[in-house]
Amino acid sequence: MFLDIFFPNRCLHCNRIIEHNLVCCNVCFEKIHFTNFEFSEDNIVKEKCKTFFPVEAASALLHFEKNSLTRKIIHELKYRNRENIGKVLANWTTERLDFRHNLPDLLVTIPLHERKLRQRGYNQLHTFTETLSEFYNLPFDHQLIKKNYNSKAQALQNKKHRLKTENLFSLNKNLSGKHILLIDDVFTTGNTIASVAWEILKSGDNKVSVLVMAMDE
Ligand SMILES: [Zn+2]
């Protein structure tokens, strides 16, 4: 491609020129720390989710360590217009995650507030989720959850604000008898996932599982 000549794709870690559909070179790929949690019973994502709500299964693809290549990759996906990184992360997921014993009915993404979506131009979870949907042959729904107002993660520390988060999300339609796989980018406090999970659980006789791109421990 014309642009490749002037703006070749470069490894996010060492800056070496790489193919356009990659995020790092083969050497730096070794620096990426995959969790290899799969959907195990005792992984930290599941343990943390369990403290908030009855979770069916949970997993994370990567460890979100400080100054890591993983952090850089997620940062580029979220803030540098590199929506297609979602596809790379989804491909890494399909190579590592077996859904056979934990088959959800529907893949559901955590939404951005409308204003934030307009600013960013895309939801960083969509390409990731659509790629998984195609691979596992499972439907997805990006519209199921609505974010009612904008919130800053830091603001959740504030007790007054925490009360307000009770209605942070709502469902656009009622739903029952479904096993939902909730998808988010980084699991930190678990507040966001828990808020959405409870909306789904309150809506009807549903089950909730969780998949995140990275786990911030
Ligand atoms: Zn490299």
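This is a predicted model: local features need pLDDT of at least 70, side-chain atom pairs count only at pLDDT 80 or more; totals for chains, interfaces and linings use all residues.
Residues are numbered from 1 along each chain as its sequence is written, and side-chain values use heavy atoms, with hydrogens and water left out.

**The zinc site.** Select C11, C14, C25 and C28. Their SG atoms are the protein donors, lying 2.3 Å from the zinc ion. The four donor atoms subtend angles of 103 to 119 degrees, so the arrangement is tetrahedral (four donors with all angles between 85 and 135 degrees). For reference, the ideal angle for four tetrahedral donors is 109.5 degrees.

C11 is buried, at 2% relative accessible area. C14 is partly exposed, at 32%. Buried means under 20% relative accessible area, exposed over 50%, and partly exposed in between, with a 1.4 Å probe and protein chains only.

**The α5–α7 pair.** Next, select residues 85–94 (α5) and 126–136 (α7). Helices (H or I, at least four residues) and strands (E, at least two) are DSSP runs, numbered from the N terminus. The two helices pack at about 40 degrees, with axes 7 Å apart. Axes are lines fitted to C-alpha atoms, for helices over the stretch in contact, and angles run from 0 to 180 degrees between N-to-C directions.

Show side chains at the interface. From α5, G86, K87, L89, A90, N91, T93 and T94 meet T127, F128, T131, L132, F135 and Y136 of α7. Contact here means heavy atoms within 4.5 Å. By class, this contact has six nonpolar, six polar and one charged residues.

**Around α7.** Stay on α7. Eight of its 11 residues are buried, among them H126, T129 and S133. The buried residues pack against α5, β2 (106–109), β3 (140–141), β6 and β7 (207–215). Step just past the helix: N137 takes a positive phi of about 60 degrees.

**Last stop, β6.** Select I180, in strand β6 (residues 179–187). I180 is buried, with a relative accessible area of 0%. Leaving out residues up to four places away in sequence, I180 touches P104, L106, V108, L175, I200, K207, V208 and S209. Finally, draw a distance to F140: the two C-alpha atoms are separated by 9.5 Å, 40 residues apart along the chain.

Technical notes. Donors are N, O and S atoms within 2.8 Å of the metal (3.2 Å for Na, K and Ca); water is not among the atoms, so sites may look incomplete. Four donors count as tetrahedral if all angles lie between 85 and 135 degrees; four count as square planar and six as octahedral if opposite donors are over 155 degrees apart and all others between 65 and 115; anything else is irregular. Ala, Val, Leu, Ile, Met, Phe, Trp, Tyr, Cys and Pro count as nonpolar, Asp, Glu, Lys and Arg as charged, and the others, Gly among them, as polar.
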